[in-house]
Amino acid sequence: MTQNLSQFTNSHTLSDPEVTLQKTYGLLSLSFIPCAAGALLGMAFNPFAMLGGGWASVIVMMAFFYGMCFAIEKNRYNKTGVTLLMVFTFGMGLMLSPLLQYSANFSNGGGLVATAALMTAGIFFSMTTLARRLNFNTNALGRSLSMGVIVLMIGVVANLFFNIPALSLALAAVFVIVSSLIIMWQVRTVIEGGETSHISAALTIFISIYNIFSSLLRLLLAFAGSDD
């Protein structure tokens, strides 16, 4: 594992955006290993039960998410950043486990998880292809996406108080759209040389893929789930 991680460090010495993009994809692929391990561990031991659920779990998850993102960005050009990214994806896997456990309550839950994964992969490859073929203003799109993320976060926080199922599904649908566009924007930014850290790029794309998968799974469970 140490040898695998070492090849993804010191991206600031690279001047070729294509090399940075390839290192981004490599690091992104590696990041799903601890994520899967975290999801399996979470399903087996349910660590969130110790927090009693509710606001305690929400606060811990938010602190972990934003704290780790800050730490990774502070180390975006060194080996520590890669290690922190692996820890982050493991933790995100743990956070995904309650949704996967909920899916297990449906007779077709396994199929829906697989469908969400395939749809997510399709979206990822489509967005990366469009990033190369379409001609768009990355700065303008980035500003629009930043505003979209802020609106989404406000919606998420509001729904924590009101707990409206329809709003939750609407937010999931918007998350799919916004996260898909973020993948396209991030890939194009790397290609244009606007992002020189493959660690930062991999972090952004991982979060987008994570949001797409979890949002699609929620939508599939809501509209196509069959109770046991």
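This is a predicted model: local features need pLDDT of at least 70, side-chain atom pairs count only at pLDDT 80 or more; totals for chains, interfaces and linings use all residues.
**View 1. Helix α6 packed against helix α7.** Helix α6 covers residues 138-162 and helix α7 covers residues 165-191. Their axes come within 10 Å and cross at roughly 155°. Angles over 145 degrees count as roughly antiparallel, and α6 and α7 are therefore roughly antiparallel to each other. The crossing of α6 and α7 is left-handed. On the α6 side, the contact is made by T138, L141, G142, L145, V149, L152, M153, G155, V156 and N159. On the α7 side, the contributors are L167, S168, L171, V174, F175, V178, L181, I182, M184, W185, R188 and T189. Sorted by class, the contact of α6 with α7 has 15 nonpolar residues, six polar residues and one charged residue.

**View 2. Helix α2 and helix α5.** Helix α2 spans residues 17-45, and helix α5 spans residues 109-133. The axes of α2 and α5 come within 15 Å, with a crossing angle of roughly 175°. That angle makes α2 roughly antiparallel to α5. From α2, the residues E18, L21, Y25 and L28 meet F124, T128 and R132 of α5. The contact of α2 with α5 holds four nonpolar, one polar and two charged residues.

**View 3. Helix α5 against helix α8.** Helix α8 is made of residues 198-224. The axes of α5 and α8 come within 9 Å and cross at roughly 140°, which makes α5 oblique to α8. The crossing of α5 and α8 is right-handed. Helix α5 supplies L112, V113, T115, A116, A117, M119, T120, I123 and F124 to the contact. Helix α8 supplies I205, I209, I212, F213, L216, L217, L220, L221 and A224. The contact of α5 with α8 divides into 16 nonpolar and two polar residues, with no charged residues.

**View 4. The second largest pocket.** About 420 Å³ of space lies in this pocket. Its lining consists of 16 residues, and those nearest the centre of the pocket are F32, L96, A117, I209 and F213. Elements giving two or more residues to the lining are α2, α4 (79-103), α5 and α8. Helix α5 contributes the largest share of the lining, six residues. By class, the lining has 15 nonpolar residues, one polar residue and no charged residues.

Terms used: Residues are numbered from 1 along each chain as its sequence is written. Side-chain values use heavy atoms; hydrogens and water are left out. Axes are lines fitted to C-alpha atoms, for helices over the stretch in contact, and angles run from 0 to 180 degrees between N-to-C directions. Helices (H or I, at least four residues) and strands (E, at least two) are DSSP runs, numbered from the N terminus. Angles under 35 degrees count as roughly parallel, over 145 as roughly antiparallel, 65 to 115 as roughly perpendicular and the rest as oblique. A crossing is left-handed if the near helix is turned anticlockwise from the far one by less than a right angle, and right-handed if clockwise. Contact means heavy atoms within 4.5 Å. Ala, Val, Leu, Ile, Met, Phe, Trp, Tyr, Cys and Pro count as nonpolar, Asp, Glu, Lys and Arg as charged, and the others, Gly among them, as polar. On a 1 Å grid over the protein atoms alone, a cavity is a set of points where a 1.4 Å probe fits but cannot get out, and a pocket is an open set with protein on both sides within 12 Å along at least five of seven lines; lining residues have an atom within 4 Å of a point. Grid points are joined across faces, edges and corners, and a volume is the space filled by probe spheres set on the points.
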